[in-house]
Amino acid sequence: MTIAIRKMNEGDIEQVQHVARSSWRTTYNGIIPDSTQENFVATAYSSEMLFKRLNETLFLVAEEEGEIIGFANFTPLKDERKVELGAIYLYEDYQGKGIGTDLLKAGIQHLNDVKKIYVNVEKENLAGVNFYKSKGFIIETEYEDLFDGHVLQTVRMVLDHY
């Protein structure tokens, strides 16, 4: 399995949307109602929104033989040395193979002067929480978040001094 990590381009948008829909279903099944997931993905991963992210953030894709199988999205915060990791998502069959780690490492390399990376994770998404903990993230705070009429238990994690 040879996986290439590269910056997303306009031609990747449709495949990224498919990864987002699929990975949201597997990640949040039983945690976030299906209709809430569908509404969020339709908005957050619309072609217009992805085009905006392509131009304003660091959006990396993981690709195997020309097919996008995962992605990561990093948004610089006002403090230039801090960044928000909005997402790392992979097709379920590719999870647990080090690709998420590779996406995180590639983001850190692209953002080489960043000192802190923040990520918000749904508390019940144990795979996500444990993934970030294994990479050195620590829980900074926990809070409730009203998400399209559904209350989420969110943990805000930070990776500092990596």
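Reader: Which residue forms a salt bridge with Arg6, the closest N and O atoms being 2.7 Å apart?

Author: Side chains of opposite charge can pair when their charged atoms come close. A salt bridge is counted when a side-chain nitrogen of Lys or Arg lies within 4 Å of a carboxyl oxygen of Asp or Glu. In this predicted model, where local features need pLDDT of at least 70, side-chain atom pairs count only at pLDDT 80 or more and totals for chains, interfaces and linings use all residues, Arg6 forms such a bridge with Asp12. Residues are numbered from 1 along each chain as its sequence is written, and side-chain values use heavy atoms, with hydrogens and water left out.

Reader: Is Asp12 buried or exposed?

Author: Buried means under 20% relative accessible area, exposed over 50%, and partly exposed in between (1.4 Å probe, protein chains only). Asp12, at 5% relative accessibility, counts as buried, whereas Arg6, at 24%, counts as partly exposed.

Reader: Where do Glu63 and Arg6 lie?

Author: Strands (E, at least two residues) are DSSP runs, numbered from the N terminus. Glu63 forms a salt bridge with Arg6, with the closest N and O atoms 3.0 Å apart. Glu63 lies in strand 2 (residues 58-64) and Arg6 in strand 1 (residues 4-7), so the pair ties together parts that are 57 residues apart in sequence.

Reader: How many salt bridges does a search of the whole structure find?

Author: The search finds five. One of the salt bridges joins the side chains of Arg156 and Glu84 (2.8 Å, N to O). This pair links strand 7 (residues 150-160), which holds Arg156, with strand 4 (residues 82-90), which holds Glu84, 72 residues apart.

How values were computed. Helices (H or I, at least four residues) and strands (E, at least two) are DSSP runs, numbered from the N terminus.
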